[in-house]
Amino acid sequence: MNPKLRASLAESKKEYLKKVGQSPVQDLDFTTVSGEPVEILYTPDDIADIDYMEDIGLPGEYPYTRGIHANMYRGKHWTMRLFAGFGSAKDTNERFHYLLRGGQTGLSVAFDLPTLYGYDSDHGRAVGEVGKCGVAIDSMRDMEVLFDGIDLGEITTSMTINGPAIIVLALYAANAEKRGIALEKLAGTTQNDILKEYIAQKSFIFPPEPSMRLVTDSMEFCTQHMPLWNTISISGYHIREAGSTAVQELAFTLADGFAYVEAGIKAGLDVDEFAPRLSFFFNSHLDFFEEICKFRAARRIWARHMKERYGAKKPRSWLLRFHTQTAGVSLTAQQPENNIVRTAFQGLAGVLGGTQSLHTNSMDETLGLPTEKAARIALRTQQLIAHETGVSNTIDPLAGSYFIEAQTRKMEQQAEEYFRRIKELGGVVQAVEDGFFAREIGKAAYDYQKAVEQKRKIVVGVNDFKEGNEEDEIAILRVDDQVEVDQVASLERLREMRDNGAVQAKLQDLEAAATAGHNVLPHLLDCATAYATEGEMTQVFKKIFGEYKEPAYF
Amino acid sequence: MSKPIKVLVAKPGLDGHDRGAKVVANALRDGGMEVIYTGLHQTPEMILEAAVQEDVDVVSLSILSGAHMSLFQRVRKMMDEGGLKDVPLIGGGIIPDEDVKKLKALGVSAVFGPGTDTREIVRYIRDLFEGNQSKKAD
Amino acid sequence: MSAKYLQRFYAGEVLAASRLMSLVEKGGDAAEAVLSELFPRMSRSYRVGVTGLTGAGKSTLINALIRRYRDKGLTVGVVAEDPTSPFTGGAILGDRVRMQDATGDEGVFIRSIASRGSETGFSSCASELADVLDAFGRDIIFLETIGVGQLEYRVRFSAHTTVVVLTPDAGDDVQSLKSGLMEVGDIFVVNKADRSHAQRYADDLRSMLELRCVEGGWLPLVVGTVATRDEGIDELVESVDIHRSYLSQDDRMEQKRVTALRNRTTMIVEEKLKEFFWKNAYIKEKLDGLLDAVVAGKKSPYEVAGEIIKPLKIEKKKGGTR
C-alpha cells in the first residue's frame, strides 16, 4: 500500500472512528460466538502486510489458502454426504438407499454406542442402547446387510468409528473383498482419530499408547494395500461440540494432526507415503465469517507445517482435505424449523470455506435421530447451495476481503500460540493427561452458557423470540426396543452357524500378532471373514492393552 | 451448622457427551451446592454405590444417547431398592416431551431439556430442600 | 433417630454409616452424641494422609493403593477433600471419579467432603468422618487433602503416616517447596516421575531431607511413581510399611495416639469454650458497652479484654467441678 494512500486512509479512519464513537450503539455483544472481538470496520491497512502470493496464493497451490484444488467446485461439487445410521443394518441400509436416491454422493455411517465401544449387542453394557443412536454392527454379517445393493467399488464410505476403528475397518473391507472388490479399490474414511476421543468425544477404549499403535498399524497397512483409503479423519467437530472456541477447535485439531504425523514418522513410515491420506473434519458453527476464516487458516497452517517443519516433499502431503458438519450443538429443541435455517447458513459457510465434503444436520436432531423428511430437507439444503445460490461459480470468493484476510491471519496466529503452549506441556498426550484440554474446553463451554443466560448472546427460541415454542411437536424418529431383541437373536444364530473352531484359531493368531507388535490388520481381516464378532476382537485387545479411564478434569 | 445440598451428577450408560453434565456441575457449584461428578460410563449399580456412600440429596442423570427410558427406570429402581426411596431423581439431555411424561410417571421428579437455563435447575433443587440446606440425617 | 442408624451401623450397613457421617457433617449435639457413642471403637484403623497440590495425582495414587491393600485382604476407607469455593460456598468434589477401580467392591468406602472454609485446607470434619469409618471397621483409611499443610495439621487429623505428593515442573527447585509440606511428610512421592527433571528433583529432595533429619529421628523416604501407569506403587506401599514398623517401635504409635487425642480434645474444649463464652448475654452486653470506649480512643482493646476476663473465676466446687 503506497505511503500517501496509507496516510490519507489513516487520517480518514481516525475521523470515521470518532464519528462512530458518537453514534448510537445497540446493547449487543459484537463478538463472534467464540467470544472473539470483531472490529466495526476493516480497511486496506488491516492487511497491508499480507503478501498475496506468499500468504494467500492461488487455488491448488501452496499455501492453499484459497482451496486445495485448482478448479474446486467447477470440477466437482463437494461430496454431499449425510451421516446416517440407526436401528438394525437393514433399517440403515434402507436409509442409505433413500439418501442415494435423493442425490447424495457419498455414504457416512453412524454406529450405535455399543459398536463405538467395542461391545456386542448382547453384552451387559449394551442394554437399552442397541441401535438407539446409530446402527448396530456386530459382525461381517451385519456389514453385508448394511451395504446390500450398494457397490462399494463405486462409492466412498465414511465411518465414524474411533476406539475399535481398525476392527470395523476390517469388517468393512472383509465384506467388500467377499463381494469381489479388491482392497486397492476401496475408497473412504475411517475417523480413527483417537486423540480427540481423549479430548472431546470420549469413545476411547484403550490407553493412548496402544491406541496410537493401532492408528499407525492402519496407516501402514492402508499405505500398502488400500491407497484410496483415508486412514484418519482428524477431527475438530467434536472438540467444538464439547464447547471449545473456534480457535481452540482449529488449534487442537491441527495439534492432533501433527501428533499423528510424528507418530507415523516415529513408526518408520515415510511422511510422503501416509500424509496424503490424512484427512480432516471440522465443525461449521453459527458465526458465519469466523468459520470461513477458520477453514482458510487451517489449510494455510497445515501446508506450512507439513512443508517446512516435517519436510514433506509431495504437494499432496501439504493438502488439508476436509469434511464439514454443521454444528449440532447450535440447534434448538424450541421451534425446530429454525434449525433448517441455521443449518443452511452453516452449510454455506462450509462451502465458502472450501470444504471437500459436507453433512448438513436435520432440524429434529435435538429431539431424536433424523426422520426421512428432515434428512431430505438437509440434503436439499446442500443442493440449493450448489445449484441455486451461484457460490460455486467462482473459487474462494471472499478472498481479498479486508475483514476475511485479517481474521484468517489472526486465527492462524492464535493457533500458533496454542501450538507453543501444547509443546511446552510436552505434547498432546501429555497435555491430555494434565487436563489441559478439558479445562480449556470446560471453561469455554461454561463461559458460553453464562453468556446465554445473561442474554449477552441471544439464542432464538431459547432466551428470546420464544413465541412459537408451545406449538405441537414435530414427528420424531423412534428406535424400537425390538431392535435390540432381534439383534441379540441374530447374534445367537451367527454364533451357532459359524465355524467356531476357526474363529477361535483366528482370534488366537490376532492375540499373538498384537502381543508381538506385528501389524494387526491382516489378522483382523481373517477374523472378520470367519465371522468373529467386533466384541470378540475388541476383547483380545482389551486383554493386552487394558482399558482407559479418563481423569475427568474440571 | 448447615450443610450445603449435595448432588450427584451422573453419566449413565455409554453416552460420552459430558459438556452438559459439566456445565450443570459448574452451575450447581456456583449455586452453593456440593457436586459429585461420577464420570462417564456408569452402570446403575455404580450410581447407587456413589449415591449411598456420599449420601447425596439428589441424583441427576445426563443422557443424550436415546437410552433414557431404560436407564432412568433402572436407576430409579436401584435407588428404591437400595434404601434411597426418598432421594429425588432428576435429569436432562435429549429426551422428547412425550418421554418426559412417561419418566415422571416412573418416579423421575424433573427433566430439564435442551436450552434449559441452569439457574432453573438450581432453583428447582433449592426448592426441594427449602433453601440451601441439606435435609439429611435429622 | 440416630439410634436406628446406629443399630444398622453396628450390623455393617453402608447406608447407615453414610447417614451417620452426614449427621456428623451437620454438627451439633446429635453429631457429638454419635461421635461419643462411637468413640471406643475409634482407634483401630491405620490412617494414611495424602496431601499435595491440585493436579499432583493424589486421587490416582490412592486408587492404585486401594487395589494393593484390597489384594492384601484389608478393608479400605477414603475421605477425600476438595476446596469449597470462597465465593459461592459450593464445591465440585472431583476425587471420587479418579478412584473408580474399586467400584462394586464392598470393601472400599469412599466419601467426598468439601473443605467448607477451613484455612488449613483440611476441615476437622474430615477427621471425624475418618473416625466414623474407623468405628465402622475399616482397616486402613486414606485422608486426601488439598495440601498446603500447616504444622499443626498433621496433628489435627492424626494420620499415622503422611504422604506428600509432588509433581515438580521443569525448573522447580526443592528449595521452593512450601515449608509446611516439608515438615509434614513422612514419605514424599515424586509423581509423574517419568518426566525428565523428576529424577534430579527426587535426588535433591533426598539430600535436603537428609540434611534436616534429626539424629535418631525418622528420615522421610522419597518414592518416584507414575500413578497413571501404576508404576512405583509397590515401592510406596513398602515405604508405608516401613514407616508403620518404625512407629510400632519404642511406643511411638502410642505416643502419637496420645498426642493426637490430647490435641483433639484440647481443640474441642477450646471450641466449646468459645461457644459457651459468646452465648453468654452478660458477656456480650459488657463487651458492647466497652467497645464504645475503644472506638472513642479511651481504652485499648487489651484493657477491655482485661476488664472482661479478670473477674471470671474457675473454681472447683466442693465435691465436684463448677
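Let's start with chain B, which has five helices and five strands. Keep in mind that everything I show today comes from a predicted model. If you follow chain B from the N terminus, the elements read β-α-β-α-β-α-β-α-β-α. The radius of gyration of chain B is 14 Å, and the globule rule gives 14 Å for 138 residues, so chain B is as compact as a globular protein of that length.

Now for the dimensions. Along its principal axes, the C-alpha trace of chain B covers about 40 × 35 × 25 Å. How much of chain B is buried? Of its 138 residues, 65% are buried. The accessible surface of chain B is about 4800 Å², and carbon and sulfur atoms account for 51% of that. Here is one more number for this chain: take the contacts between residues at least 6 apart in sequence, and 71% of them join residues at least 24 apart.

Let's move to chain A and look at a sheet. This one is open, with five strands in the order S2-S3-S4-S5-S6, and the pairing is parallel. Which strands stand at the edges? They are S2 (83-84) and S6 (229-230) of chain A; each has a single partner strand, so one side of each has no neighbour in the sheet.

Stay with S6 of chain A for a moment. Strand S5, residues 188-190 of chain A, runs parallel to S6(A), and two bridges join them. If you want to find a bridge on screen, look for A:Thr189, whose bridge partner in S6(A) is A:Asn230. Helix H7 of chain A, residues 165-178, lies across S4 (157-160), S5 and S6 of that chain. The angle between H7 and S4(A) is about 145°.

Still in chain A, please find helix H17, residues 402-424, which holds A:Lys423. Is A:Lys423 buried or exposed? A:Lys423 is exposed, because its relative accessible area is 70%, and the cut-off for exposed is over 50%. Along the sequence, A:Lys423 and A:Ala255 are 168 residues apart, yet in space their C-alpha atoms are 9.2 Å apart.

Last stop, chain C. Where is C:Phe39? Look in the loop between helix H3 (29-38) and strand S1 (46-52) of chain C. C:Phe39 has a relative accessible area of 48%, so we call it partly exposed. C:Phe39 and C:Asp186 are 147 residues apart along the chain, and 27 Å separates their C-alpha atoms.

Terms used. Residues numbered from 1 in each chain as written. Chains lettered and ligands numbered in written order. Predicted model: local features only at pLDDT ≥ 70, side-chain atom pairs only at ≥ 80, totals over all residues. Heavy atoms only, no water. Pairing = 2+ DSSP bridges. Helix = DSSP H or I, 4+ residues; strand = E, 2+ residues; numbered from the N terminus. Contact = heavy atoms within 4.5 Å. Axes fitted to C-alpha atoms, helices over the stretch in contact; angles between N-to-C directions. Buried < 20%, exposed > 50% of the residue type's maximum accessible area, 1.4 Å probe, protein only. Rg over C-alpha atoms; globule rule 2.2 N^0.38 Å. Areas by Shrake-Rupley, 256 points an atom, 1.4 Å probe, with all protein chains shown as cover.
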